[in-house]
Amino acid sequence: MVAGKRLPRKKASQTVERTLILLKPDCVQRRLCGKVISRFEDKALNIVALKLLNVTPELAKQHYAEHVAKPFYPGLEAFITASPVVAMVLEGLEAIRVVRDMLGATNGLKAAAGTIRGDYSSSRQMNLVHASDGPEAAAREIALYFHANELCPYTPCLTPWLKAGDE
Ligand code: CMP
């Protein structure tokens, strides 16, 4: 930087994204839904859709299409269909990456302390929460669990207090 001269501050390219979250059967059975939802709310992510449902084997195969041929798939399908899940759509700036960071590594035993899995899970399969891993997956997964008219976007009144105008 030239002494005495200020460079104009760059505006980061931040995108409002939506991501599909499943609070898996272990999360529901262990009564951890409230704690997990609180963490998303504390981060000021918007919940724009939410429901309790049973995942059928057909829906599991569609959702986990990329894993169907893997050796662990039969166990994963048995687990995800064993008990109700909570499906949610979260919305926010860079929500896909932000939520994946909040979850931590897939295996709860390896996930960093302070992440949701790091704090509450000790399992690779029973890792409490699913979140979309990219924009294409998010669009596909949201459409699997929700009709367009089930999404309720809104502008939260705290928006001006979440970040400065020039960020
Ligand atoms: P999720 O983020 O929902 O995406 C795929 C899921 O498969 C993953 O979380 C785990 O629940 C499960 N999974 C991934 N790898 C394994 C594995 N090696 N053995 C058993 N389950 C796995």
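Author: Before we start: a patch here joins nonpolar side chains within 5 Å, from residues with over 30% relative accessible area and no salt bridge. And keep in mind that this is a predicted model.

Reader: Thanks! So which residues make the nonpolar surface patch?

Author: Leu158, Trp161 and Leu162 make it, and the patch has an area of about 390 Å².

Reader: Is Trp161 buried or exposed?

Author: Trp161 has a relative accessible area of 77%, so it counts as exposed, the cut-off being over 50%. You'll find Trp161 in the segment after helix H7 (135–145).

Reader: Switching to the ligand, what surrounds it?

Author: Lys24, Tyr64, His67, Phe72, Leu76, Arg117, Arg124, Gln125, Asn127 and His130 do. By class, that shell has 3 nonpolar, 4 polar and 3 charged residues.

Reader: And how far is a polar side-chain atom of Lys24 from an oxygen atom of the ligand?

Author: That distance is 2.7 Å. For Tyr64, a polar side-chain atom lies 2.6 Å from a ligand oxygen, and a side-chain N or O atom of His130 is 3.0 Å from an oxygen of the ligand.

Reader: Nice. How much of the ligand's accessible area does the protein cover?

Author: The protein covers 84% of the 450 Å² that the ligand has on its own.

Reader: One more, then: where does Pro84 lie?

Author: Pro84 is in the loop between helix H4 (73–80) and strand E3 (85–93). Its relative accessibility is 26%, so Pro84 counts as partly exposed.

Reader: What separates the C-alpha atoms of Pro84 and Asn54?

Author: They are 4.6 Å from each other, with the two residues 30 apart along the chain.

Definitions and conventions: Residues are numbered from 1 along each chain as its sequence is written. This is a predicted model: local features need pLDDT of at least 70, side-chain atom pairs count only at pLDDT 80 or more; totals for chains, interfaces and linings use all residues. Side-chain values use heavy atoms; hydrogens and water are left out. Patches are made of residues with over 30% relative accessible area and no salt bridge: like charges are joined within 9 Å, nonpolar side chains (Val, Leu, Ile, Met, Phe, Trp, Tyr) within 5 Å. Accessible areas come from the Shrake-Rupley method with a 1.4 Å probe; for residues, only the protein chains shown count as cover. A salt bridge is a side-chain nitrogen of Lys or Arg within 4 Å of a carboxyl oxygen of Asp or Glu. Helices (H or I, at least four residues) and strands (E, at least two) are DSSP runs, numbered from the N terminus. Buried means under 20% relative accessible area, exposed over 50%, partly exposed in between (1.4 Å probe, protein chains only). A residue is near a molecule or strand if one of its heavy atoms lies within 4 Å of it. A polar contact is a pair of N or O atoms within 3.5 Å; within protein, one must be able to donate a hydrogen and the other to accept it, and residues adjacent in sequence count only if both atoms are side-chain atoms. Ala, Val, Leu, Ile, Met, Phe, Trp, Tyr, Cys and Pro count as nonpolar, Asp, Glu, Lys and Arg as charged, and the others, Gly among them, as polar.
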